Amino acid sequence: MNILYCGDAGIVDGLLISILSLIKNSDEKLAVYIMTMELTQGEKTYHAVSDGTVDFLDGIVRKADAESFVKKIDITEIFAENAPHANMDTRFTPFCMLRLFADMIADLPDRLLYLDVDVVVRQNISDFYHQELGEHEIAGVLDHYGKWFFRRNPFKFDYLNSGVLILNMKKIKSTGLFERCRNMCRDKKMFMPDQSSLNKLSDNKKILPRKYNEQRKLRRDTVIQHFTTSFRFFPWLHTLTVKPWQVDRVHDKLKLHEYDDILEKYEALMPELSKCA
């Protein structure tokens, strides 16, 4: 099973939790790829995920399965040569667009499951991962809120959330989807540029059931839970953002104890992992 994460050194907490959830709910070899880079933007400097972090995570997955591995892919130079200039200063960091460079990495396999680092796997995902894609470039779940506002087809929901995506890399390369998305991000400023460009330009999307990217709250059939920002209406209208590594908030705000075994392992391992950064 080939997994792709993207981000800078700040994603370490989410990486650890998400990978622990994969190990718990998979009986397959895990090939985990972390796409990262160094970036200086004005007075802000972002650092790549460190080699020490990758080695530590590699040790964790190999302990569960000797053939599993974690590999770092640094695309600092590639990104600099193909920077999404129009979207470098949005409220989303440029790291959200790293997945759009996957077609430029020769070592990546033909099928990838892309996961945001605030995603926790709850059940076995083998059937989900190995499903037939056919001519579809990407497969994902409708965005919980965006499906109402950003759909291309006025008569049906078709706007996917990009936090959980099965990527058919062979098809993506043949249609040039990611290249066209990069060009769009370079030339046109957008809200959520990676997600917007994918939805705008992909003509071969496979829409999957909500249980494979639950963005609102845990349900009985949830397979993958995505800890996104949600709207709450009581006692007043407000937004609520709770990430898996905010363990106290997961318990207090979400009243959620479903992942306590994973979060206990995370809290035990994190001090040692922090030394590797």
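Does F227 count as buried or exposed? At 4% relative accessibility, F227 counts as buried, where buried means under 20% relative accessible area, exposed over 50% and partly exposed in between, with a 1.4 Å probe and protein chains only. The model is predicted: local features need pLDDT of at least 70, side-chain atom pairs count only at pLDDT 80 or more, and totals for chains, interfaces and linings use all residues. Residues are numbered from 1 along each chain as its sequence is written, and side-chain values use heavy atoms, with hydrogens and water left out.

**Aromatic pairs**

- The whole structure holds 5 aromatic pairs; rings of Phe, Tyr and Trp (its six-membered ring) pair if their centres lie within 6.5 Å, with planes under 30 degrees apart counted as stacked, over 60 as edge-to-face and the rest as tilted.
- One of them is the tilted pair of F79 and F101, with 5.4 Å centre to centre and 45° between the planes.
- F79 lies in helix α3 (residues 76–81) and F101 in the loop between α3 and β6 (111–115), so this pair ties together parts that are 22 residues apart in sequence. Helices (H or I, at least four residues) and strands (E, at least two) are DSSP runs, numbered from the N terminus.
- F79 is buried at 2% relative accessibility, and F101 is buried with a relative accessible area of 2%.
- F227 and Y259 form an edge-to-face pair, 6.2 Å centre to centre with 65° between the planes.
- F227 is in the loop between β11 (224–226) and β12 (230–232), and Y259 is in the loop between α9 (247–252) and α10, so the pair ties together parts that are 32 residues apart in sequence.
- Y259 counts as buried, at 5% relative accessibility.

**Charges over rings**

- The charged end of K44 sits over the ring of Y46, 5.5 Å from its centre; the criterion is NZ of Lys or CZ of Arg within 6 Å of the ring centre and within 35 degrees of the ring normal.
- R111 lies over the face of Y129, 5.9 Å from the ring centre.

**Nonpolar cores**

- The largest nonpolar core has 51 residues, of which Y5, L57, L113, I125 and F128 touch the most other members. Such a core is a set of buried Ala, Val, Leu, Ile, Met, Phe, Trp, Tyr and Cys residues joined through side-chain atoms within 4.5 Å.
- Helix α1 gives the largest share of this core, 7 residues.
- Another core, of 40 residues, lies apart from it and has C6, A83, L112 and F178 among its members.
- Beyond its neighbours within four places in sequence, I125 is in contact (heavy atoms within 4.5 Å) with M1, L22, N25, L113, V223 and I224.

**Helix α2**

- Helix α2 (residues 51–64) has 14 residues and reaches 20 Å from its first C-alpha to its last, close to the 20 Å expected, a span defined as 1.5 Å times one less than the number of residues.
- Its buried residues are T53, V54, F56, L57, D58, I60 and V61.
- These buried residues pack against α1 (12–24), β2 (31–36), β5 (69–74) and α10 (260–274).

- M184 lies in helix α7 (residues 177–187) and is buried, with a relative accessible area of 14%.
- The C-alpha atoms of M184 and A86 are separated by 8.7 Å, although the two residues are 98 residues apart along the chain.
- Helix α8 (residues 193–201) is mostly covered, with 8 of its 9 residues buried.
- What covers the buried residues of α8 includes β9 (160–168), α7 and β10 (205–208).
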